[in-house]
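This report walks through one protein model, strand by strand and then helix by helix. Please keep the sequence and the 3D view open while reading.

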Amino acid sequence: WGSLLNPKELGSVSKLENFNEVTIPHFWGKDSKAKKIGSGTYVLDVVNSPFKRVGLKVSMKSAHKIFILIEGRDPILVSSQGHVSLKKERIIPWWERQYSFFDLGGKRNFKILIHISNNYFREGRFLKLELGDERILRSEKSKGPRKDFFVMGGLIIFGFYFLYLYIRNTKDKQVLFFSLLSLLIAYRLGFTERYIPFLFNPSLVLYQVLLRMEYLSFFIFPYLYGKIIFVMFPYLLPKKVKDTVNTVSMVFCLSCFVTPSIEFLSGTILKIYHPFFLSIFVLYFYYMIQAARHKLKFSFLSILALIL
């Protein structure tokens, strides 16, 4: 920890005795030998690989570079995200790219060297590392986006269709809120699956803007869904409950704009929000079940929206 080893200077496995052995997932923010904000090097030695063309799947909430080291060949940079640095002020965090592919060129042994820097996202996290046949992982990589874009496309169509209906009849508030909810879910899916961040080049300012937008879309959900319930089923949700949820949700939304520290927002505030969100989710789900039992209009559609 605290060192970014040069891939060209990495020696044999016997010279890795100074490394600390860790298991994956590894949370270095909770590791007494590491630091919450900092940089380090991971090395994995792979022996007797059964694959000639290898697929690598990783998940790291961090800026990183991944090199493949094969004897007799120059280091191969297979993945780079954000900017890794030993200096805190030069670290540019970003969201991870999960899949990489490379050819072993007839070799069976190789090393994976990873430079990593914490991205101020609570504690540093190395969540997943999978190796497999290139064809299988390429197939997995292509299936996920097709499904996601199908769902996002449907939500966007629904969102603008409901918005069109509202423009034609501005007295019908429920179609407005359904429109906003559909577009919100589409945005959340596009962001959480990292399609939106990959449209931009990494920068520290843009990272903070996008991260605040992600939290804002998360914090506003109880307010927006509560509006739908109250408009559609005005006698189902007690007004005091609705007003309380709306106020708390708006306070969390406001924190996205006024909190100067992204660390405080993604740490303390998010930890406070999680139990509130889970309790509201259970509460809303209970009221939707009651609406479905009474066969109220749009109750099943509301349950589906809540689950999404």
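## A strand covered on both faces

Strand β6 is covered on both of its faces: F110, I112, I114, I116 and N118 on one side, and K111, L113, H115 and S117 on the other, are all buried, where buried means under 20% relative accessible area, exposed means over 50%, and partly exposed lies in between, with a 1.4 Å probe and protein chains only. Nine of the nine residues of β6 (residues 110-118) are buried, so the strand is largely enclosed by the rest of the structure. Strands such as this one (E, at least two residues) and helices (H or I, at least four) are DSSP runs, numbered from the N terminus.

Two strands count as paired if DSSP finds at least two bridges between them. Strand β1 (residues 39-46) pairs with β6 in the antiparallel sense over eight bridges, and the bridge partner of D45 in β6 is K111. Strand β3 (residues 62-69) is also joined to β6 by eight bridges, again antiparallel, with I68 standing opposite I112.

## How the model is described

This is a predicted model, in which local features need pLDDT of at least 70 and side-chain atom pairs count only at pLDDT 80 or more, while totals for chains, interfaces and linings use all residues. Residues are numbered from 1 along each chain as its sequence is written, and side-chain values use heavy atoms, with hydrogens and water left out.

The protein has seven helices and seven strands, and along the sequence these follow the pattern β-β-β-β-β-β-β-α-α-α-α-α-α-α. Its C-alpha atoms fill a box of roughly 70 × 40 × 35 Å, taken along the principal axes, and buried residues make up 44% of the 308 residues.

## Strand β2 and its partners

Strand β2 (residues 53-60) is mostly covered, with seven of its eight residues buried. Five bridges join β2 to strand β5 (residues 99-103) in an antiparallel arrangement, and seven bridges join β2 to strand β7 (residues 126-133), which also runs antiparallel to it. V54 stands opposite F102 in β5 and opposite D133 in β7.

## Aromatic rings

A pair of aromatic rings is described by the distance of the centres and the angle of the planes. Rings of Phe, Tyr and Trp (its six-membered ring) pair if their centres lie within 6.5 Å, and planes under 30 degrees apart count as stacked, over 60 as edge-to-face and the rest as tilted. A search of the whole structure finds 19 aromatic pairs. In one of them, the ring centres of F219 and F252 are 5.5 Å apart and the planes are at 50°, so the pair is tilted. This pair links distant parts of the chain, since F219 is in helix α3 and F252 is in helix α5 (residues 239-258), 33 residues apart.

Both F219 and F252 are buried, and both belong to a cluster linked by ring pairs, whose members include Y215, F218 and Y284.

## Along helix α3

Helix α3 spans residues 204-219 and contains V205, which counts as exposed because its relative accessibility is 63%. Q208 lies in helix α3 too, but it counts as partly exposed because its relative accessibility is 25%. The C-alpha atoms of Q208 and I262 are separated by 6.8 Å, although these residues are 54 apart along the chain.
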